[in-house]
Amino acid sequence: MANTAEHSGADGHAGVIGRRGGDSRLTAARLLLWALAGILAVRQAAAVLRVPPGEWLADLHLPGVLPGSLYDAGQFSGTPFAGLVLKPLLGLAAPPLELAWTCVTLLCVAAVGLLAARGLPDPVPRRTALLAAPALVGLMLVSLPVREAAAPGQTAVLPVLPVLLVLLAVFRVPGERPAGFLLGLAAALQPALLLFAPLQWRSGRRTAARSAAVTFAGATALAWAALPGDSWTYWVHHLAGTGLGGSPDALANQSVHGALLRLGLTGPAEVLLYAVLAAAIAWAGLRRAVRYARDGQLLLAVAVTGCVAVAVTPAGWRHQLLWVLLAVAGKVGSRAADRRVWPVAVVLAATLPSSVLLPNIAVLAPVRDNVLLLTALAAACAVPFLPRSSPYWREPVPTSYAQPAAARWRAVPLMPFWRRVLSRPNLLLELLLIRVGYSIYSHIRAAAPAGRSHAEEHGSQILGIERALGIDIEHAVNQAVVNTPWLERFFNFYYTSFHFVIPLTILGVLYWRRPGDYRWARASLGLATVLALAGFWLYPLAPPRLMPGLGFIDTVHGPQDLANPQYGAMTAISNQYAAMPSLHFGWSLWCGVVIIVLAPKAWQKLLGALHPLITVCAIVATANHWVLDAAGGAVVVTAGFGLVYALSGPRRPAVGLPGQRSAGSGGAGDPGDPGGPGGASAEAAVRVPSAAARP
């Protein structure tokens, strides 16, 4: 008994220490997130305050005197009630007004984040409770709606203030009548938010619904009495503001009406289709919102209703879609690995331009032009959010991890925080991350230093080193290929055709057939690409085809006008001096290594070995790279594989190590591959224990 008590006391003491350590880490993370949110707020304020006060005031498109019309310029898109509230403020001096306006906007954003964090449905994990508020405030500050709303020339308070009023009415105001009053004020600023009245009615808060309707009617009548001409212009001539603030078919109008106009529909047919779609969206969205409200997920119900409101309004401007970001409160998926898919998709859609999310392909234009709208519609009508009664609400299916691996070399320690996941990753999340990652890579590559003098100086250095090593073969190979037309056509085709196709094909096959190896291959490719960016920034290099006086012929892009500082049209496409290291060769070497390691057939391994050999010949023959560029590509790929090894251990554990099992041949029946026929034995993998099973 004494021994038992002693051990129990020791374990309890260790548990207290562990909890204290965890609390200190959470506190540090919370402070760091608040500091980051503060930096973002200061950055946003500085961007606004840099605009001269007079120019900032003129960009609001409001008349400086009360008798003037709100809509003469056609740029003010607010309601007459909003104009009635804002116009007296224009009598203030411009510098204090600009400062006060910016501060109030940022305070409203912070208040929305705090209220949304407190509106998360119970039970809220301690980590989420501590980190949700600063994380939400930071995300909102970098989101497209807030960035556009707080930009100079926007009435920033108008898009954020209705969201704040709705959250106050739902979460903080105790009585139904005051809550309805706040909802009515929000609807008076954005009429589509009157949809919160039926939400209140169907949720059993009928007094709040009546109060909201009466307040909206009273505020609108007050605006009619004070500004009859402007009220007629807004409500009758422009049909609730349609066409004010910009063209209805502009990309900024992320409503169903705007999307139909961008698709080329006009006239009565478009109006009829819009009315039918708006009614269907409103019915389906409000029905879901009521269900979530009755389930205790009030924040999700608010987000769904807000998404419906902006989608069905004739003019749902992008800066009004802050509701989309609040939809991260919903939980989607029964697996722990799938829980992050919806939040990541929402954050990407709300913070990144659509050109980053999707390539500039004509067939994708309807999706790319309506990313925020489609996200709002998904939240309102399609995404299967879990009810709180679901068994997976608190405890999703845990993720399967491989057995801990031992390092093969003592000099290369393993990083225990990067555990090897056996299950197949979510396809949507993978596609989003690959697309966003490549877009960020392209932007960083394009922004790398591209000074002509430095690049040509570095080109001379590389040529000098190659001559000293006796490997300056570029000119001879280039001339030989130019004098052999069929060989020139072959290398041109190979250079332009397989750079993206083969890596993407390999990733696709591994994702479907070998999910464990897919993560290994994807991580090594990503790390190699990140390392290559450092070379582009630190060592801009002119390729042989852009070196004057050396006689190289660009067989792929055609003759280059070296007298033109921009070197023709290609400079507008990408940074022509991002040549060291060569990712053309680096990615092909990655393909070769992956195929040789994983392919079961000898002829497949041979093809994998030939690909980097042909690629290095192609990049030299077409005068797009030096030989040493290929060596640099080999270095970063080797470093990528090495970093993955250092972080997560060997791709397959060695046979016979204690606590490990053989991975087999890695074929379709690989027991380490949950996607293959032998996937049932993945039960032997280490699993994350559920909360109920934790001591």
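This dialogue walks through some features of a predicted model.

Me: What should I know about the numbering and the cut-offs before I start?
Reply: Residues are numbered from 1 along each chain as its sequence is written.

Me: What share of the residues is buried?
Reply: Buried means under 20% relative accessible area, exposed over 50%, and partly exposed in between (1.4 Å probe, protein chains only). Of the 695 residues in the protein chain, 46% are buried.

Me: How are aromatic pairs read, and how many does the structure hold?
Reply: A pair of aromatic rings is described by the distance of the centres and the angle of the planes. Rings of Phe, Tyr and Trp (its six-membered ring) pair if their centres lie within 6.5 Å; planes under 30 degrees apart count as stacked, over 60 as edge-to-face and the rest as tilted. The structure holds 13 aromatic pairs. In one of them, the ring centres of tryptophan 520 and phenylalanine 641 are 5.4 Å apart with planes at 40°, so this pair is tilted. Tryptophan 520 lies in helix H24 (residues 515-538) and phenylalanine 641 in helix H28 (residues 627-648), so the pair ties together parts that are 121 residues apart in sequence. Both tryptophan 520 and phenylalanine 641 are buried.

Me: Which kind of pair do phenylalanine 552 and tryptophan 626 make?
Reply: Their centres are 5.9 Å apart and their planes are at 80°, so the pair is edge-to-face. Phenylalanine 552 belongs to the loop between H24 and helix H25 (570-573), and tryptophan 626 to the loop between H27 and H28, so parts 74 residues apart in sequence are tied together. Phenylalanine 552 counts as buried at 15% relative accessibility, and tryptophan 626 is buried with a relative accessible area of 0%.

Me: How do I read a salt bridge, and how many does the structure hold?
Reply: Side chains of opposite charge can pair when their charged atoms come close. The cut-off for a salt bridge is a side-chain nitrogen of Lys or Arg within 4 Å of a carboxyl oxygen of Asp or Glu. The structure holds five salt bridges. One of them joins arginine 514 and aspartate 517, with the closest N and O atoms 2.8 Å apart. Arginine 514 is buried at a relative accessible area of 11%, and aspartate 517 is buried at 1%. Another salt bridge joins arginine 467 and aspartate 472 (3.9 Å, N to O). Here arginine 467 counts as exposed at 52% relative accessibility, whereas aspartate 472 is partly exposed at 34%.

Me: Which residue has its charged end over the ring of tryptophan 393?
Reply: A charge sits over a ring if NZ of Lys or CZ of Arg is within 6 Å of the ring centre and within 35 degrees of the ring normal. The residue is lysine 331, whose charged end is 4.2 Å from the centre of the tryptophan 393 ring.

Technical notes: This is a predicted model: local features need pLDDT of at least 70, side-chain atom pairs count only at pLDDT 80 or more; totals for chains, interfaces and linings use all residues. Side-chain values use heavy atoms; hydrogens and water are left out. Helices (H or I, at least four residues) and strands (E, at least two) are DSSP runs, numbered from the N terminus.
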